[in-house]
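Biologist: Please take a close look at the surroundings of the ligand. Which residues and domains form them?

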Amino acid sequence: MIARRNYIVKKMKRKISILGSTGSIGRQALEVIESLAGRFEVIALAAGNNTELLKKQAEKFKPRTVSVKSRELAMELGKDTLWGTEGLREIAANPDNDLVLMAVNGINGLEPTIAAIDNGINIALANKETLVAAGNIITKKAKEKNTCIIPVDSEHSAIFQCLENKKPRKIILTASGGPFRTKTPAEIRDATVNSTLAHPKWSMGKKITVDSATLMNKGLEVIEAHWLFGVDYRDIEVVIHPQSIVHGAVEFKDGSYIAQMGLPSMHIPIQYALTYPETTEGLKTGSLDLTEISGLYFEKPDLGRFPCLKLAYEAGEKGGTYPAALNALNEEAVYAFLKGEIRLTHIAGIVEKGLERHESIAKPSLEEILEADKTARRTIQDILPFNPLL
Ligand SMILES: NC(=O)c1ccc[n+]([C@@H]2O[C@H](COP(=O)([O-])OP(=O)(O)OC[C@H]3O[C@@H](n4cnc5c(N)ncnc54)[C@H](OP(=O)(O)O)[C@@H]3O)[C@@H](O)[C@H]2O)c1
């Protein structure tokens, strides 16, 4: 398991850089940091396009460095502003960091994550796409550099807390089931962008919210769990738990289970990742009143209505560059859906067709993974116009 190793708490006041500070995770992380006054020094913030919010964050947290997506935006903010992937890499690699929170979305997280690891910097990892695309390389490098990867995803944070260095027989990832859990195939086919983004339990960025609706998010989390905890795919089970109170559970070889529970609030796993190995009062997000829960219920996922979960298991098990291709095809298909170009139900078809065309490389280098990512994104341009589903 790469998550828990000799996590060295260097100082009382941790120097932290936040990549994706204007996003859902980034904003909540800054709320956590504000509530833990004096515990953190924010040394860098990186955003994409939202320069207005970034400016406000910079005024409040006074980072030494900021970065944005493009050169044009960087020019607006001033001559010392970094930009692009190089800006993200430079911030992540800064040896002054005690911790980097990786909260940009999509494949954008991959190169800066590697830059942090190469410099022996611990990472609080929210960006799951990074481990999906390059789990093999990241885990190998993290071991070599003795770098810790503390999961921020609520399910992985739950498993991380349940394991405590013990080897599990099975990992159970829970899923809320998203907005279409009880809908018919016809209703899912007619899903609009608005109905897809209306998640019943979690408020998150658009891409992950669409992934939650198709259950691709859970599929990506299965691959993420495989790499974080070194567990075979056949020993990772997904169960639908619409109440979102149990975030994850593990079964040990003696048949005992440990589950982690809490209110569905990302503040809790974010704060845990930032203050690990301590648990801190920090941001109070309320208490769970067990007497008010009439029962906890769980059901099997329906792979017929939600084929993305099956596609992710298959890509994970095949390995090589299949997971990177799955991730790239899914990202492009999700953005096409958000732009109104395709239906929600086309996402799975596009990913499936793209994977059929993908020529996987068994033990890819970072360059080969990045190339597989680019090639898969180009493939979608061929699939879209000829997709029989459209
Ligand atoms: N939200 C959750 O509850 C949650 C839970 C578990 C895991 N995650 C994972 O955490 C990651 C972030 O999710 P999110 O929901 O916070 O997404 P989000 O709200 O869409 O935020 C994404 C962040 O990344 C920035 N960004 C995007 N492209 C960039 C680029 N090329 N260069 C620099 N910055 C860029 C965005 O900047 P601008 O907004 O300024 O353009 C924004 O700050 C995802 O990988 C997701 O799967 C999220």
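**The ligand between two domains**

Domain 1 (14-152) and domain 2 (153-265 + 300-316) both contribute residues to the shell around the ligand, so the ligand lies between them. This is a predicted model, in which local features need pLDDT of at least 70 and side-chain atom pairs count only at pLDDT 80 or more, while totals for chains, interfaces and linings use all residues. Residues are numbered from 1 along each chain as its sequence is written.

The ligand is surrounded by 29 residues, a residue being near if its C-beta atom, placed from the backbone, lies within 6 Å of the molecule. The closest are Gly23, Gly48, Asn50, Met204 and Gly205. Two or more residues of this shell come from each of helix H1 (24-35), helix H6 (128-145) and helix H10 (206-214); helices are DSSP runs of H or I with at least four residues, strands are E runs of at least two, and both are numbered from the N terminus. H1 provides the largest share, three residues. By class, the shell holds 11 nonpolar, 13 polar and five charged residues. Here Ala, Val, Leu, Ile, Met, Phe, Trp, Tyr, Cys and Pro count as nonpolar, Asp, Glu, Lys and Arg as charged, and the others, Gly among them, as polar.

In domain 1, 14 residues are in contact with 15 residues of domain 2, contact meaning C-beta atoms, placed from the backbone, within 7 Å. On the domain 1 side, H6 and strand S7 (149-151) each give two or more residues, and H6 supplies the largest share, six residues.

Terms used: Domains from an automatic or database assignment. Contact = placed C-beta atoms within 7 Å.
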